[in-house]
Amino acid sequence: MRKIVTVAVTLTAMATQPVIADERAVILIIGDGFDDTHVTMGRNYLKGHAGQLLLDQMPFRGAVQVETVDSEGTPIYVADSANTATTLSTGAITQIARIGKNAADEPVKTVLESAAANGYKTGIVSTASVTDASPAAFAAHVTIRACENPVTIRGGEKYGVMFDGCPEDLRENGGMGSISEQLALADVDVILGGGMEHFVAQYESYPTALALAKEQGVTVLTERDALKQQHSGRVIGLFSEDTMPVAWRGTDGRIAESIERSWLNYIHQMIGSITQPEVIECEANPTFTEMPTMETMTRYALDHLSRDNDKGFFLTIESASIDKKAHERDACGSIGEIKQLEEALAVVMDYATENPNTLILVTADHSQAAQIVPDPTLYTSLPIPVFSPGKVSRVVTPEGSVMRINYATNNIRSEEHTGANVPLFANIEGKSVLSPFMRQRDIYDAMMRYLEL
C-alpha cells in the first residue's frame, strides 16, 4: 500500500509541473551580511524566542570561513562583498573591491558562466542594484566594484572617496566595459533587481547599457506588474534607480541612537546618569509599496528558467539589505529583509519538492556589525551608569520583549563588516557535496560538482 501511495503522489506532482530526470539546478541564496547574529535577530522577531525560521528546518547546517588577501597576497581578516562574492562565484581568493577577478587582477570564469557555456540557463536576482558587488560577481569582471556604469568606470567619487576608475576595463582599451555594460551583453537569461541609473548612465556619445541590452533583443521590465506575465528570451528587470527600498523600517524611520549622558557623566564615567533611547517598533516602509517582493522576483525567475528547459539552471538570489541596513544601523530594515529572504526560500523549497535534483544553498558573503546585547545591562546592580559606547536600537518584538541591537564598529555614519565565519544552510541535496566546515572557495567547488561542470 505504501508504494502505491508514493507513486500516486509522484504522478500528481508531475501532472502539475513536469520533472525531467536529467535536469539539475543550483539555487544559491546569499544573505548579504547574514551572519549568526542576524539569523538570531530574524528568528527572535519573526518566529519568537522558541520558534524556528524556515532556514532552521533545512537538513544541513555548516560554517564557512571567509578568506581575503591584500595587494601583497597577505591574509586579512575582514572582507567586503565584492571579494567574497567573487570567491563564491569563482573559487579565487582575492582582494577587497575585486569583481570576478583574482588577486592578480585577471578575470576568472564564474560558476554562472560555466553553467551557461554548458547549456544551463542562468539567472540573477537581487534587492540591490544588479550592478552591486554580490550579483555582479557572478557575471562581470572589473578591478573595482564602483565601476558600475560607463561614467563611474572613468573614475570619480564613491562612498565619499575619490578613485581612478578601471581604465584597464574600458571597452575602448580592450576591456569588457563597466558592470552594467557587461550585464547587458552577458549570457544570463534573467536578471532582476534595482539599478536603472547604471543602465541609463551615458558617457559622451557611447551607447548606454540599456541601449546595448535592447540591441541584443533583451526584454526590459520596469514595473512590478510586468512580473505577472511570461516573457521569452533574455529578461532584465530594473525596478528602482539603485538599491530597492526595504519592506520595513523603525518607528517613523528611526534607527539606532546614542545613549544620552548627563553632564556629570561626561565629567566622569562613574557618576551622573544616562537615558536610554525610546523603544522602536518595526513598521511598513511606505517607499516599498511599488516594489516587487523578493518572493515575486524569485517566482518569476524560477518560472523563466525552468520553462522549456531539459538541462537545468543556475540561479543566485541576494537579500542585499540585511547588510545595507546594518551599515545604516537600521535594525528593522535588516529584519524586514530577513523576512523577504525567508519568503523567497519558501518558494525555492517548494520548487525543489517538485524537482528533486535541485541543490539549495543559503549563506552569507561576510559578517556584519550588529550585536544582540542585554536590555537592561547585566550590570544593573553596580552603582554606576553602564551603557554601550555605540548606538543602539531597542526593538519591541511581537512577543512583547525588547531586543537590544548594538552597533559599535566605528564613529562614522556607516558601520563596518566584521570578521567572523558565516553560516551555511542547505537542503538534502547538499549532503552529497558539502561538509560541516568549509571555506567559501569550497562552496564554488561544490556547486561546480553538483552541476557536473
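Which residue in β10 is the bridge partner of leucine 192? I looked it up and found glycine 237.

**Ground rules**

I am working on a predicted model, where local features need pLDDT of at least 70, side-chain atom pairs count only at pLDDT 80 or more, and totals for chains, interfaces and linings use all residues. Residues are numbered from 1 along each chain as its sequence is written, and side-chain values use heavy atoms, with hydrogens and water left out.

**Around β8**

I took helices (H or I, at least four residues) and strands (E, at least two) as DSSP runs, numbered from the N terminus. Two strands pair if DSSP finds at least two bridges between them. Strand β8 covers residues 190-194. β8 and strand β10 (residues 235-238) run parallel, joined by four bridges. Strand β5 (residues 121-129) also runs parallel to β8, again with four bridges. There I noted isoleucine 191 of β8 as the bridge partner of isoleucine 124. I then checked burial, where buried means under 20% relative accessible area, exposed over 50%, and partly exposed in between (1.4 Å probe, protein chains only). Five of the five residues of β8 are buried.

**The open sheet**

Next I traced an open sheet of four strands, in the order β12-β19-β20-β18, with antiparallel pairing. β12 (257-258) and β18 (371-373) are the edge strands, each pairing on one side only. Helix α2 (residues 36-46) packs on this sheet and touches β18, β19 and β20 (402-407). I read about 55 degrees between the directions of α2 and β18. Between β12 and strand β19 (residues 391-396) I found two bridges, in the antiparallel sense. Glutamate 257 has valine 392 of β19 as its bridge partner.

**α2 against α12**

I used axes fitted as lines to C-alpha atoms, for helices over the stretch in contact, with angles from 0 to 180 degrees between N-to-C directions. The axes of α2 and α12 come within 9 Å and cross at roughly 85 degrees. I therefore logged α2 as roughly perpendicular to α12 (under 35 degrees is roughly parallel, over 145 roughly antiparallel, 65 to 115 roughly perpendicular, the rest oblique). Contact means heavy atoms within 4.5 Å. On α2 the contact residues are His38, Met41, Gly42, Tyr45 and Leu46. On α12 they are Ala331, Ser334, Ile335, Ile338 and Lys339.

**Rings**

Rings of Phe, Tyr and Trp (its six-membered ring) pair if their centres lie within 6.5 Å; planes under 30 degrees apart are stacked, over 60 edge-to-face, the rest tilted. I count four aromatic pairs. One of them joins tyrosine 45 and tryptophan 248 edge-to-face, at 5.5 Å centre to centre and 65 degrees between the planes. Tyrosine 45 is in helix α2 and tryptophan 248 in strand β11 (residues 248-250), so the pair ties together parts 203 residues apart in sequence. Both tyrosine 45 and tryptophan 248 are buried.

Phenylalanine 313 and tyrosine 351 form a tilted pair, because their planes are at 55 degrees, with centres 5.6 Å apart. Phenylalanine 313 has 0% relative accessibility, so I logged it as buried. Tyrosine 351, at 6%, also counts as buried.

Is helix α13 (residues 440-450) largely enclosed or open? I found it largely enclosed by the rest of the structure, because eight of its eleven residues are buried. Among them are Ile443, Tyr444 and Met447. After α13 I noted glutamate 452, with a positive phi near 60 degrees.
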